[in-house]
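Please keep the sequence and the 3D view open while reading.

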Amino acid sequence: MGNDLADVLVVGAGPTGLVLACDLARRGAAVRIVDRSPAPPRTSRAKGPNARSLEILDDLGVADEVLAAGSDPLPMLKYRDRLPVAETDPWADSAPSPDAPYDRGRLIAQWRLEEILRDRLAGYGVRVELGREVVGLTEAADGQHVDVTFAEGRTERVRYVVGCDGAHSSVRKLLGIGFEGTTAEDQVMVCGDVDLAEGALDRTRWHQWFDEDGAVMLCPIPGTRTGWWFQAGPERDGRGRPLAPTADGFRRLLARHTALPGRTLTRAELLSTYRVNVRMADRFRAGRVFLAGDAAHVHAVAGGLGMNTGIQDAFNLGWKLGLVLAGHAGAELLDTYEEERLPVAARTLDLTSERLRATLEAIRRPGGGLDAAITSDTTGLGVGYRWSSLARVHDETPRPDGTPRPGDGSPGSPQPGDRAPDAPCVDAVTGARTRLHRVFAGPRTTVLGFGPGSAAVLREVAAAYGDAGVRTCRVYAPYESGARSGPGAGVVDDEGHAAAAYGAEALSDTHTGTVIVVRPDHHLGLSAPADDAGSVHAYLHRLHGAGRPRNGSPALVDAARKG
């Protein structure tokens, strides 16, 4: 292995690529990230991470900075014929819950989010290589590398490549992967970042003017005094064709639809025309090259899921590449990236198209607005992979004494493949308040044990896999007494939220206990009774190899052989 041989080359330094690079870098992978732009873009574009993406950013250690730099989603003030007619706060009835501390997204300019992620990446000694465009990809004859050719003529060898380079992805085109779908030529919007004269509009509202002959939307950009996101229906020529966006055109649109004079708009830049594209790659992988984010799927802007779906692609792929590169998992684990994320992308295309139709219908009536695009589905918290081959159901064969094994928790509890709920709890050693997602944080698989019967499995797992990327955590009920000690972390479920969230209370009468395997991306891999150690070991074997069997753990060796 040459010292300069990268494990992974990430192509594209937007939020998707930066999240992936950060996740890989903290795993110790030799990652590089390149972008064709000569300088980091200053566009505000995407309005910010949704609730699920905030959980991911929290895991990466940057959520506090993102929260400080952004703002809560704003109430929407709707106008008709220049007059305010309705105000709606889509999040008025929403509140954080024990299992989901982020109940809504965050408004933040995309350039600021990227800046935060670049700083985090630089902390791992990795910097974006700007002005580098990929023009050729060839899998090496040994099948173990990819030769990457750059526009300057240099060819470099890496182990894997991930194209995070947007809807016009060069990586996708070089692979010859289809990008089928439709473009709605009649659904057009002009966009840009603008400055308005200070005090021109209330910056605590997202202003939306919807008239029969057009629309203007202005949302304040957090962290600026006078900056706004500008979106509008385009001006059209005499034949009804949309005109290209210009600063003067934005001023005319402002004067036509709002009570503000055109001169109120003092600056307009990063102007663009947006057309509704609904397209998806027919595969997300070709050999040792992967696609993520807009390079793999684009869809209607309604619901704000574009950047967020890309961030979640990256979080799904990062841990799998990390385990394969570390030699723990076999290369077949990488097949589960497309297996899991392609159906999610397909569902996202359907969801955003449905939300766009609902929004277009809503704005025909006075008082309708962009709140029609927001549903519980757009938080991202409900996305899961129950169909995945990594969603393992425990061994349902009877116990050796012939009695049936308990099921997978109570009705309504999360199933393998689902997002792992959060829960407030107390550190069993220090007494400090914490929560399960803090326990999960960092690039490791977590094995939770509920009930005294889980102690033996946790000890075996810690002995065999403690050095192979697995942590154990005993979740103590408040009534459990005695020494709260043992390998790994321990928390006290002092308010019962953890047991309720995971359905573990359903087994409390059996004294069997429950073991939950949580993947590094905070999705359940397995939920099993604690006396089904074989299922736990077999699942960990798939992700982390055979581990390190030690005296007193013969069950692990047998289970590993069977797995």
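Q: In β22, which residue is the bridge partner of Arg474?
A: Helices (H or I, at least four residues) and strands (E, at least two) are DSSP runs, numbered from the N terminus. Strands β21 (residues 470–476) and β22 (residues 489–492) run parallel and share four bridges. Two strands pair if DSSP finds at least two bridges between them. The β22 partner of Arg474 is Gly490.

Q: What do the numbering and the values rest on?
A: This is a predicted model, in which local features need pLDDT of at least 70, side-chain atom pairs count only at pLDDT 80 or more, and totals for chains, interfaces and linings use all residues. Side-chain values use heavy atoms, with hydrogens and water left out, and residues are numbered from 1 along each chain as its sequence is written.

Q: Which strands stand at the edges of the open sheet of eight strands?
A: The strand order is β17-β24-β23-β20-β21-β22-β18-β19, with mixed pairing. An edge strand here has a single partner, so one of its sides is left without a neighbour in the sheet. The two edge strands are β17 (392–393) and β19 (433–435).

Q: Which residue of β8 stands opposite Asp147?
A: Strand β7 (residues 146–150) is mostly covered, with four of its five residues buried. Buried means under 20% relative accessible area, exposed over 50%, and partly exposed in between (1.4 Å probe, protein chains only). β7 runs antiparallel to β8 (residues 155–163), joined by four bridges. Opposite Asp147 stands Arg157.

Q: Which residue takes a positive phi in the hairpin of β6 and β7?
A: β6 (residues 134–139) and β7 are antiparallel over five bridges. One of the facing pairs is Val134 with Phe150. Six residues lie between the strands, and the one with a positive phi, near 70 degrees, is Gly143.

Q: Over which ring does the charged end of Arg132 sit?
A: A charge sits over a ring if NZ of Lys or CZ of Arg is within 6 Å of the ring centre and within 35 degrees of the ring normal. Lys47 meets this over Trp229, at 5.3 Å from the ring centre. Arg132 lies 3.8 Å from the centre of its ring, which belongs to Phe150.

Q: Is Asn50 buried or exposed?
A: Asn50 is in the loop between β2 (31–35) and α2 (51–59). Its side chain reaches the backbone oxygen of Thr378 at 3.2 Å, a polar contact (N or O atoms within 3.5 Å; within protein, one must be able to donate a hydrogen and the other to accept it, and residues adjacent in sequence count only if both atoms are side-chain atoms). Its contacts (heavy atoms within 4.5 Å) beyond four places in sequence include Gly105, Leu305 and Gly380. With a relative accessibility of 7%, Asn50 counts as buried.

Q: Which residue just after α2 takes a positive phi?
A: In α2, nine of nine residues are buried. Just past the helix, the residue with a positive phi, about 85 degrees, is Gly61.

Q: How are the rings of Tyr160 and Phe290 arranged?
A: Rings of Phe, Tyr and Trp (its six-membered ring) pair if their centres lie within 6.5 Å; planes under 30 degrees apart count as stacked, over 60 as edge-to-face and the rest as tilted. Tyr160 is in β8 and Phe290 in β15 (residues 289–291), so the pair ties together parts 130 residues apart in sequence. Phe290 is buried at a relative accessible area of 0%. At 6.2 Å centre to centre and 45 degrees between planes, the pair is tilted.
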